[in-house]
Amino acid sequence: MSTPAGSRATPAAQTTTPKAVVKEDAMWLQKALINRNYHDLATARERGRKIAATFVPGNLNELLMCFDFARSLPETNALQNALRKRSGKLVMEAERDGQSEDVCTYVKADIGMFLQGEVGPTGEPLPRPDVLLLSYTGCFTFMKWFELIRHKFGGETVMLHVPYQADGRIRPAMRDYVVKQLRETVIPALERISGVKFDIDRLREYLKESQKAEEDLVAVLQTAKHRPSPIDGYFGAVYYIGPIFTAFRGTPEATEYYRVLRAEIEARLRAGKGPLTPEGDHPGEKYRLVVEGPPNWTHFRDFWKMFYDEGAVVVASTYSKVGGVYDFGFRHDPARPLESLAEYCLGCYTNLNFAQRIDMICRYMDDYRADGLLVNSIKSCNSFSAGQLLILREVEKRTGRPAAFIESDLVDPRYFSAANIRNRLESYFQMIRQKRLAAGVH
Amino acid sequence: MRLADIVARCEALFEDLEFRAVREWKAAHPGAKAIGYMPIYVPREIVHAAGMLPVGLFGGGDQLEVIQGDAYYQSYICRIPRSTLELGLTRRLDCLDGMLFPSICDVIRNLSGMWQILFPDKYVKYFDVPQNYDDAVGGAFYRHELASLRDDLARLAGRPVSDDDLRGSIAAYNENRRAVRDLYAFRAARPWQAPTAEVYLVLRAGCVLPVEEHTRLVRDYLAAAEATPRPKRDNARVVLTGAFCEQPPLALIKSIERAGCYIVDDDFVLVQRWLVEDVPESGDPLDALARAFLHRSTQTSSRYDEKREDKGRTLLAQVKSRGAEGVIFAAPSFCDPALLERPMLQDVLARHGIPYTAFKYAENTGQMAPIREQAGTFADSIKLWTAA
């Protein structure tokens, strides 16, 4: 569950001739940020810095910065390797080492990367973390993942258990539990490991930056309510969420990135332009979709092309909320630093219950005037995938708009069948057209 | 009671996918409620204290044809949620007034939300358990969860659930835990007298019978098993692990035994052995249950191990205390907790020179020949190494 850096320059398929990729300025800035973080990690040891690994959903980036940790996000590392066509061999390396073919391929790509010499996606070394901050938010696999890394490669795990929103709300006892863990377990452990004393005012300063970036991110994502949408809320959004879902939330660089991004997107909106695709301006918006589920990373550009070639624009997605749901009002709050970190963790998308997830999708369908819902079901990710067929049925029932289902995987290229996905998408777009004809809308 | 009669009764309960025992209990207790629960652990004491029957659901086994349940799941999801849904959608679970979904994995967690939507008239609770084992932190949260369950069930029962009710229920379950511990100790000491296929059926009977009745049943079985001489074979003594949620078909357990293995410990129906010691029967009962969970419960892959050196501690203890010669990893296909845990446990065993073998199953696995062959080869290899 994470986001790509600007890796769209990577050739998409073995048979595709690389083409010059069109990017917004903000995309170049994003690429520079993400690559800089890999360089920070590669050189952390020589600069005397400790390294923390943590997961995207429920990540406590501002807190880790209070202890001067360099930050590594293993899902991001896995997907970056996938975008660079390296994840297949990493997954198989982990399977040769004893991991089951049935389990999450993010985990296996990460283990494979350690086994194959601990080199990060950019080719620089990716040193072993000193602490594995286990933000246990909406995914049980996270727990096993860091236990596995600890077991095989060392490092200390620190658990932050985030209770599930089973009855669709954050009860005070849940928030208190998370805050108490932060105070009594997580912060003391981070102080001990880093040798840096916790300063809550430093945390407040970072959270002020987070707020600004969150405000601009929401503004960007909500431009998709317009027709035509100036952004793609799935394929494009995974670039937009990159800095804020990873090592940059709370930094002035992220604030600046989102300011630039917002200005660019609002300029596109004023110009009446559609989204920018890797091949230039979108050919014209014919279908507006909401997408549930993470994208496939191994064939990301091929996958995206299947949409824009048909004139489809994703106007909203649940995946772009996996590292934080900000569009319904939540903001990190410097006045309540630990409480708002707790509420952030509790509110991540995969920590929402089924009714909340369905409500959110239905709301997107209305607010973004979508033609339908597409579920991209990911083999690796039970947290997202288990029960998605019920989500699909419920959304169809409640909105009366058609839904479709495709299957792929995160970073295992063996599970991407382009022909199957293209066939299903073509049938789906045909279904939308027929619905429109039946309703007298052209 | 004759051994064969006890086993036959347990088998009938096991095979009954209509849950007649539950329906009969409800008929005999007008107005009383039955509450289903999924693996691995729920504090059944609270359900019992509310005057209700806790009913353990372990999927549909190999006799249930899953049709509707399959429509809700992709091919890469394990089988237990689809067969459990099948049971619900075909109204076999109408006798249940509520369902508890313990915190075990993403699939069961999501099933709790699906149940809320598909069965809106039923009580549904996702039962969260702490992964922080500090009394003041995870303990306080867990006590709150326990109190919330007690309050919910009191509302459903239409009467309060008092501390005395809870203490009485803790006592009843302590009795049951002692009986089950005795059963496991007996099987480990004389596995030829208590084959695992029978022990398993006795455990499964405890999923639908009232606890007091199940305790008597376990004691009856122990007495009958002791009194019925059976031939001792030169089998390999193994611990079976990984089968804590979706259960293997009974034929698979029999196949392992027929292939030359005595299963001397396992993680079947773990709810009955989750708490490894008696829970104090005096003092604040919710505190007692919370402390028991935090400090006197078993280790399994759905629980966080705080330190690297904790990994495999229980499995090693099982091997040592039961005199096992090897370990069989039997995990359901697509079971994330079991399959992600497995390489770590295998590494621990390898470092201790304990042989192991591994395979996957589904609750409806029908082909036993490969399992029998693998278990037989494993047993033979153990005997060869032991002889060497």
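The largest pocket in this predicted model has a volume of about 870 Å³. Of the 41 residues lining that pocket, the ones closest to its centre are B:Thr298, B:Gln299, B:Thr300, B:Thr314 and B:Leu315. Five elements of chain B give two or more residues each to the lining: the helices α7 (163–189), α11 (285–295), α12 (313–321) and α13 (336–351), plus the strand β7 (326–332). The biggest share comes from α12(B), with 6 residues.

The side chain of B:Gln318 makes a polar contact of 3.4 Å with the side chain of B:Asp265.

Now for the rings. Over all chains, the count comes to 43 aromatic pairs.

| Pair | Centre distance | Plane angle | Class |
|---|---|---|---|
| B:Phe101 and B:Trp115 | 5.7 Å | 55 degrees | tilted |
| B:Phe127 and B:Tyr142 | 5.8 Å | 70 degrees | edge-to-face |

Why do the two get their labels? Planes under 30 degrees apart would be stacked and the rest are tilted, so B:Phe101 and B:Trp115, at 55 degrees, end up as tilted.

Each pair links a strand to a helix of chain B. B:Phe101 sits in strand β3 (residues 98–102) and B:Trp115 in helix α5 (residues 106–118), so this pair ties together parts that are 14 residues apart in sequence. Both B:Phe101 and B:Trp115 are buried. In the other pair, B:Phe127 belongs to strand β4 (residues 123–127) and B:Tyr142 to helix α6 (residues 135–157), so the parts tied together are 15 residues apart in sequence. Here too, B:Phe127 and B:Tyr142 are buried.

In chain A, the charged end of A:Arg357 sits over the ring of A:Phe354, 5.2 Å from the ring centre. In chain B, B:Arg303 lies over the face of B:Phe293, with 5.0 Å to the ring centre.

Terms used. Residues are numbered from 1 along each chain as its sequence is written. Chains are lettered from A and ligands numbered from 1 in the order in which they are written. This is a predicted model: local features need pLDDT of at least 70, side-chain atom pairs count only at pLDDT 80 or more; totals for chains, interfaces and linings use all residues. Side-chain values use heavy atoms; hydrogens and water are left out. On a 1 Å grid over the protein atoms alone, a cavity is a set of points where a 1.4 Å probe fits but cannot get out, and a pocket is an open set with protein on both sides within 12 Å along at least five of seven lines; lining residues have an atom within 4 Å of a point. Grid points are joined across faces, edges and corners, and a volume is the space filled by probe spheres set on the points. Helices (H or I, at least four residues) and strands (E, at least two) are DSSP runs, numbered from the N terminus. Rings of Phe, Tyr and Trp (its six-membered ring) pair if their centres lie within 6.5 Å; planes under 30 degrees apart count as stacked, over 60 as edge-to-face and the rest as tilted. Buried means under 20% relative accessible area, exposed over 50%, partly exposed in between (1.4 Å probe, protein chains only). A charge sits over a ring if NZ of Lys or CZ of Arg is within 6 Å of the ring centre and within 35 degrees of the ring normal. A polar contact is a pair of N or O atoms within 3.5 Å; within protein, one must be able to donate a hydrogen and the other to accept it, and residues adjacent in sequence count only if both atoms are side-chain atoms.
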